[in-house]
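Hi,

Here is the structure I promised to pass on.

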Amino acid sequence: MKRRPVRVVFALFTLALIFCVLTCTRAQRIESGATAKLIAIRAGSLVDLSGGQIINNPVVLVDGEKVTAVGQNLTIPSGARVIDLGNATLLPGLIDAHTHITYHFDEAGHFGSSNDSSPEVTLRYSEENARATLNAGFTTIRNMGAIELVDLRLRDEINLGATVGPRVLASGLPLLANFLPPNASKSVRLTFVREFARARIREGADVIKVFEGVYDDGSPVFSADEIRAVIEEAARSNRRVAVHAHEAAAIKAAVRGGCTSIEHGSFLDSEAIRLMVEHHTALVPTLYLPTHYLEHRNIFDFPASAWTLFERMRAHNMENLMRAKRAGVWIVSGSDAVAGVHGHNFREIEWLVKAGLTSAEALRAATVDAAKLLGMEGEIGEVKAGKFADIIAVEGDPLRDIGALEHVLFVMKGGRVVKAGNR
Ligand SMILES: [Zn+2]
């Protein structure tokens, strides 16, 4: 069968893509109004992923939004509120580096945010998704594409405390090949992609998302020069560029252009892997999503070519990832959460383990290593003095059984308890 990944991508992204010119200020990542009260959290153990060790009988001291001290049996200051989580295991709040927080099932149970009557309706669904995501222990997400600025609006609502959800880094509208003016010259295309990136930054995007692909002749849709132009514009505002790419030729153009991460990277060849190691490009392999679609085939309306692609991805993506891992590629967890995955974002971490990562490696991909991709390594990804108090607790030992992540007992985000109980 003739492969047309670009068209498949467009078919998947069947949303009414509309340019908006609303101007939003970039989100404050620091929430206002956090409690000033000192909190001491006790638990059975703490997984210290950066140090590679387990701390037994940990005490975590939290003052306002930040962790102030972590250690075994620390003295609890008088007057501190004590949260005793018994035998539970503490972990840093999880990070999902690739979500579609605006995607939801409609009232008839079908997939399709494109059918919403207004962006306000999509925003309401997104709020539900955000709550489910946070309750599942994901305290930070990076949203990879939304129309009508809905993901930016959700982020701003959360930062204002108007709705409950994870920290959100949002891309807003992604760059798609069919936005390019038809038959444009090289210089017109370069100008277009630069202006596209500038427009997203003016709107308040935290990250720029590009949908790379290949034409029917196998050549990349966006050249390395075009990707580089997007990156240069993003870098002026200290923003990074994430590139969706499945085919090796698309991945190579994006990596040569200098993108920070390859999203999916489904069909790597050895040259693509070598380039990713050389350029220190992160891979967000989104392993679980093809399985999600294929196991819920009746509720997702996709063309036959899309189902063929999902079958190919499911058949190859674990081995593809392990080749990258063995070569030393930086791996970050991103669930590609669409309708039905919000609140089940842990599936991706489980699939990383199924593919062959150790539980510790998979957890790093969803914490410390993801924080680096987001440029937030000084703020999140570890339970450590000076960082945000994004802390979760699970029953059992996730290093022995990654399935422990399915039952998150406790979630604290920025010093605020957002989930407690269910023991
Ligand atoms: Zn995606």
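Below are some notes on the domains and on one pair of helices.

This is a predicted model, in which local features need pLDDT of at least 70 and side-chain atom pairs count only at pLDDT 80 or more, while totals for chains, interfaces and linings use all residues. Residues are numbered from 1 along each chain as its sequence is written.

Let's start with the domains. Across the boundary, 20 residues of domain 1 are in contact with 19 residues of domain 2 (contact means C-beta atoms, placed from the backbone, within 7 Å). On the domain 1 side, helix 2 (119-135), helix 10 (346-355) and helix 11 (359-365) each give two or more residues, and helix 11 has the largest share, with five. Helices here are DSSP runs (H or I, at least four residues), numbered from the N terminus. By class, that side has 13 nonpolar, five polar and two charged residues (Ala, Val, Leu, Ile, Met, Phe, Trp, Tyr, Cys and Pro count as nonpolar, Asp, Glu, Lys and Arg as charged, and the others, Gly among them, as polar).

Now for the helix pair. Helix 4 (residues 186-203) meets helix 5 (residues 224-236) through residues including Arg189, Arg194 and Arg198 on helix 4 and Asp225, Glu226 and Glu233 on helix 5. The residues of this contact are six nonpolar, no polar and six charged.

Best wishes

Key
Axes fitted to C-alpha atoms, helices over the stretch in contact; angles between N-to-C directions. Contact = placed C-beta atoms within 7 Å.
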